[in-house]
Amino acid sequence: MRGGRMLQAIAVAWLLLFVGDFVSTFCYHVPEHVFGKLHVSVHHAPRKNFRHYAVLSGRPSVVADGLLGALPYIALSVLLWSYSWQGVLLGMIFGQFHVWWRHTTALGWRTPGPIAWLCRWLLITTPEQHWRHHHNSTIGYGDIFTVFDTPARCMLKQLRRWRARYRYFLVSAG
Ligand SMILES: [Zn+2]
Ligand SMILES: [Zn+2]
């Protein structure tokens, strides 16, 4: 691959992951925590093993939650394929790798210092950061990128406020 094509592939891979994480976080992950049950019951169930959290278990509920979270990436892959199919493959491979890697805390692994430093620099979510989300669903958003954490927390608070108000109206109407 020539230098220009390679840069284009890296840019497309980054775009796929960044926009995919953005859409997945704000259109699925955060709303699921407020209005849904599937993600919370599957992904935040305590005392499950690595295979369960890393979507390696074939249980239909695990696959369904994984697939719904991955839908934005799949849609973007189709859109970006003609720009750089190499970039799409690179992004999807990295994305899949990150799903496994961010759950290695369940295996007792710890991120080595230099990798944690690199992730901080690239704004990439480490397994330790993601694990905080497993324990406390109000923090640690952005499955791949940490920049989505703060806006996701704001959206979560706002949606919970709306849900509470909606419930109040439902109760007073009934
Ligand atoms: Zn997780
Ligand atoms: Zn969650």
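UniProt positions are quoted here in the numbering used for this model, with feature names shortened, and such annotations may be inferred rather than shown by experiment. This is a predicted model, in which local features need pLDDT of at least 70 and side-chain atom pairs count only at pLDDT 80 or more, while totals for chains, interfaces and linings use all residues. Residues are numbered from 1 along each chain as its sequence is written, and chains are lettered from A and ligands numbered from 1 in the order in which they are written.

Select residues 15–150 to begin, the range that an unreviewed UniProt entry lists as "domain: Fatty acid hydroxylase". Over this range the chain is 66% helix and 0% strand, and the end C-alpha atoms are 20 Å apart; helices (H or I, at least four residues) and strands (E, at least two) are DSSP runs, numbered from the N terminus.

Next, select Ala9, Val12, Ala13, Leu16, Leu17, Tyr73, Leu76, Val88, Ile124 and Ile144, the 10 residues of the largest nonpolar core, meaning a set of buried Ala, Val, Leu, Ile, Met, Phe, Trp, Tyr and Cys residues joined through C-beta atoms within 7 Å. Helix H1 (3–35) and helix H4 (60–80) are the elements that give two or more residues to this core, and the largest share, 5 residues, comes from H1.

Centre on Ile144, which touches Leu17, Asp21, Gly95, His98, Ile124 and Thr125, leaving aside residues up to four places away in sequence; contact requires C-beta atoms, placed from the backbone, within 7 Å.

Now show H4 with helix H5 (residues 85–101), which pack at an angle of about 165 degrees with their axes 9 Å apart. H4 is therefore roughly antiparallel to H5 (angles under 35 degrees count as roughly parallel, over 145 as roughly antiparallel, 65 to 115 as roughly perpendicular and the rest as oblique). Here Tyr73, Ser77 and Leu80 of H4 meet Gly87, Val88, Met92 and Gly95 of H5.

Finish in two loops. Arg47, between helix H2 (38–43) and helix H3 (50–53), has phi near 55 degrees, a positive value in a residue other than glycine, and is exposed, with 5 other C-beta atoms within 10 Å. Val55, in the loop between H3 and H4, also has phi near 55 degrees, but counts as buried, with 21 C-beta neighbours inside 10 Å (buried means 20 or more other C-beta atoms within 10 Å, exposed 12 or fewer, and partly exposed in between, with C-beta atoms placed from the backbone).

Terms used: Two residues are in contact if their C-beta atoms, placed from the backbone, lie within 7 Å. Axes are lines fitted to C-alpha atoms, for helices over the stretch in contact, and angles run from 0 to 180 degrees between N-to-C directions.
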